[in-house]
Structure formats: C-alpha cells, structure tokens
Amino acid sequence: MIAEKKETSSPPDESEHGYRIARLTDPDHAYQVFEDADKVARWFSQPNHSLGNKKPLDLAKTEPDARLVEQLLGRIKHGITV
C-alpha cells in the first residue's frame with residue numbers, strides 16, 4: 001500500500017498574500033519609513049484615511065491594493081502630505 005502525500009504548501013492566494021506582506025514590510029519599504037518594527041506593525045494594523053479607512057494589512061490581499069499601500073509608503077517616506 002502506498003502512503004498518500006499530504007499537501008504542505010499554502011493555497012496560492014495565501015502564499016501570494018504572505019509574499020506581499022513580506023515585500024511591504026521589508027527594510028526597503030515600511031521599516032525605512034518608520035524605522036521601528038512596532039511602528040510598522042501599528043501602521044499596518046490601523047485604518048488609514050489615505051487608503052479609504054482600510055487597514056494596509058487588509059489591502060495586501062490583492063496585488064493592486066498592495067501597490068496602493070506601497071505608493072503611500074513612498075509618499076510618506078518622501079514627506080508628501082497624504
């Protein structure tokens with residue numbers, strides 16, 4: 001009898017979501033803006049007026065919305081009023 005292989009990978013949507021979160025919070029993005037891991041965590045978990053009062057973390061679920069978060073981080077980094 002052959003043992004069945006258990007699936008160990010995440011579904012595509014979940015793995016892509018994780019990738020987007022990692023990309024947005026890496027040192028080249030959010031950490032460079034806020035320079036503190038706790039500030040990054042708070043910013044991603046609180047509704048943001050510039051994002052339609054949605055949490056940046058929730059917007060990371062889709063690529064187009066993740067790009068909005070990325071653009072907002074860029075504007076904040078360069079001192080552009082949002």
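Does Glu35 count as buried or exposed, and at what relative accessibility? At 61% relative accessibility, Glu35 counts as exposed. Here buried means under 20% relative accessible area, exposed means over 50%, and partly exposed lies in between (1.4 Å probe, protein chains only).

The structure is a predicted model, in which local features need pLDDT of at least 70 and side-chain atom pairs count only at pLDDT 80 or more, while totals for chains, interfaces and linings use all residues. Residues are numbered from 1 along each chain as its sequence is written, and side-chain values use heavy atoms, with hydrogens and water left out.

The protein chain has five helices and zero strands. Both are DSSP runs, numbered from the N terminus (helices: H or I, at least four residues; strands: E, at least two). Along the sequence the pattern reads α-α-α-α-α. Of the 82 residues in the protein chain, 26% are buried. The accessible surface comes to about 6100 Å². Carbon and sulfur atoms hold 52% of that surface. Areas follow the Shrake-Rupley method with a 1.4 Å probe; for residues, only the protein chains shown count as cover. Contact means heavy atoms within 4.5 Å. Among contacts between residues at least 6 apart in sequence, 48% join residues at least 24 apart.

Glu35 sits in the loop between α2 (30-34) and α3 (37-45). Asn53 lies in the loop between α3 and α4 (56-59). Asn53 is exposed, with a relative accessible area of 53%.

The largest nonpolar core has 14 residues. Such a core is a set of buried Ala, Val, Leu, Ile, Met, Phe, Trp, Tyr and Cys residues joined through side-chain atoms within 4.5 Å. Leu24, Phe34, Trp43, Phe44, Val69 and Leu73 have the most contacts inside this core. The elements giving two or more residues to the core are α2, α3 and α5 (63-77). Helix α5 gives the most, with four residues. In soluble globular proteins, nonpolar side chains tend to be buried together.

Aromatic rings come next. Rings of Phe, Tyr and Trp (its six-membered ring) pair if their centres lie within 6.5 Å; planes under 30 degrees apart count as stacked, over 60 as edge-to-face and the rest as tilted. By this rule there are two aromatic pairs. The centres of the Phe34 and Trp43 rings are 5.5 Å apart and their planes stand at 40°, so this pair is tilted. For Trp43 and Phe44 the centres are 5.1 Å apart and the planes are at 80°, so that pair is edge-to-face. Phe34 and Trp43 are both buried. Trp43 has a relative accessible area of 12%. Phe44 counts as buried at 5% relative accessibility. Not counting residues up to four places away in sequence, Phe34 touches Lys39, Val40, Trp43 and Leu73.

Phe44 also meets Thr25. Thr25 lies in helix α1 (residues 12-25). Thr25 is partly exposed, with a relative accessible area of 30%. Leaving aside neighbours within four places in sequence, Thr25 is in contact with Ala30, Tyr31, Val40 and Phe44. Thr25 and Ala41 are 16 residues apart in sequence, and their C-alpha atoms are 8.7 Å apart in space.
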